[in-house]
Amino acid sequence: MKKVTVLGGGGTGCTMAADLALRGFDVTLWEDARYWDNLRDIQEVGSVELVGRGTTGTAVIPHLSDDLAAAVDSADVILISMIATRHEELCAALAPLLKEGQTVCFSAGNLGSMILKRMLADKPGVITGEMQGNIFPCRLIGKAKISIAFPYAPKKVAAFPAKDTPALIKGMSGVYECVPAGNVLETTLNSPNTSIHLAGSLLNMGAVEKDPSYKMYAQGITPGVCTCIEAVEKEKAAVMEAMGYPMVFHAGMMRKLLEYEKYPELELFRVVAGPSSMKHRYIEEDATVGQTLLITLARQYGIAVPTMEALVHIASVTNGKDYIAQGKSVAHFGWEGMTPQQINEYLETGVSPK
């Protein structure tokens with residue numbers, strides 16, 4: 001059986017490690033010593049309890065580590081689950097440690113696989129890729145106790161470069177079954193986060209700032225918020241069409257959340273916590289990566305996206321940042337002046353046409 005290392009001690013990382021341990025894998029859960037609160041809780045309790053609609057039970061995670069080199073040394077598959085704003089730092093530390101034949105998959109990706117692959121120029125046999133959105137919605141609901149809102153279903157994934165996607169799916173086989181997406185930009189833009197998080201968070205700013213335990217999907221999804229999310233998706237669809245990508249719509253799921261009696265199976269998802277503040281990843285991550293990419297692609301191809309621009313502007317004003325200038329934009333990836341066809345060719349081959 002494959003050895004698996006999970007990098008990231010947040011709720012999703014802990015969930016994956018516990019899920020894999022319950023399924024019999026030799027799994028290591030790593031986190032930088034600066035962020036060891038959750039792993040310390042697991043150490044003290046001695047296990048992780050999974051409840052909800054996914055894998056359930058009490059999991060003993062075989063290895064907890066703050067030593068990155070030791071954690072990845074013998075791993076066949078490395079799963080990365082951490083906020084995109086940490087990807088650059090992690091990839092710089094991880095790249096020298098990786099070996100030919102290892103498979104690395106980000107959940108969710110946000111183009112983290114591209115950052116890592118650029119640092120692996122001398123190791124073409126390391127497969128890097130990412131999932132479309134997070135692996136499953138989950139939250140820590142107590143000390144070393146996690147609720148999973150939905151069971152795992154095969155995720156869309158893409159490698160960078162996309163010609164390696166079959167190898168990524170093969171590497172992930174038996175760990176988490178996956179199906180192919182077109183490329184890593186498609187998976188990033190089709191994440192539900194790019195449709196939902198900013199609108200759902202910013203339109204409920206007052207409630208969020210008054211309540212750190214705020215639950216957006218239970219308290220903040222209203223008909224008006226759904227209408228705004230639908231406007232975001234309409235704008236996003238125009239960008240996706242220009243790029244030649246199939247569009248996955250998520251606003252319909254938000255409408256279902258309003259129908260409690262008709263969709264009782266969504267209750268665990270409704271009570272997923274977050275955002276806890278305007279510094280939460282629902283704002284910081286999505287304004288920095290997904291929305292910034294969408295807006296700068298739209299500007300490059302003459303597509304109007306006023307709703308998205310308004311949301312990112314409000315986030316920028318609120319947090320005192322210029323997310324468009326500081327985020328992962330078209331310019332950040334060197335795609336200025338490139339046609340959709342040129343960008344897609346680069347994502348397929350890894351060779352820039354410039």
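**Exercise 1.** In this predicted model, determine which residues of helix H6 are exposed and which are buried.

Step 1. Within H6, which spans residues 165–172, the buried residues are Thr 165, Leu 168, Gly 171 and Met 172. Because these residues cover an arc of only 120° around the axis, they lie on the same side of H6.

Step 2. The buried residues of H6 pack against strand E6 (77–80), strand E7 (103–106), strand E8 (127–131), strand E11 (155–159) and strand E12 (178–180).

Step 3. After H6 comes Gly 174, which has a positive phi, near 85°.

**Exercise 2.** State in which helix Ser 195 is found, and decide whether Ser 195 is buried or exposed.

*Solution.* Step 1. Ser 195 belongs to helix H8, residues 193–202.

Step 1. A residue is buried when its relative accessible area is under 20%. The relative accessibility of Ser 195 is 2%, so Ser 195 counts as buried.

**Exercise 3.** Identify the residues that Ser 195 touches, and describe its side-chain polar contacts with Glu 233 and Lys 236.

*Solution.* Step 1. Leaving aside residues up to four places away in sequence, Ser 195 touches Ile 229, Val 232, Glu 233, Lys 236, His 250 and Gln 291.

Step 1. The side chain of Ser 195 forms a polar contact of 2.8 Å with the side chain of Glu 233.

Step 2. A polar contact of 2.9 Å also links the side chains of Ser 195 and Lys 236.

Key. Residues are numbered from 1 along each chain as its sequence is written. This is a predicted model: local features need pLDDT of at least 70, side-chain atom pairs count only at pLDDT 80 or more; totals for chains, interfaces and linings use all residues. Side-chain values use heavy atoms; hydrogens and water are left out. Helices (H or I, at least four residues) and strands (E, at least two) are DSSP runs, numbered from the N terminus. Buried means under 20% relative accessible area, exposed over 50%, partly exposed in between (1.4 Å probe, protein chains only). A polar contact is a pair of N or O atoms within 3.5 Å; within protein, one must be able to donate a hydrogen and the other to accept it, and residues adjacent in sequence count only if both atoms are side-chain atoms. Contact means heavy atoms within 4.5 Å. The arc is that of the directions from the helix axis to the C-beta atoms.
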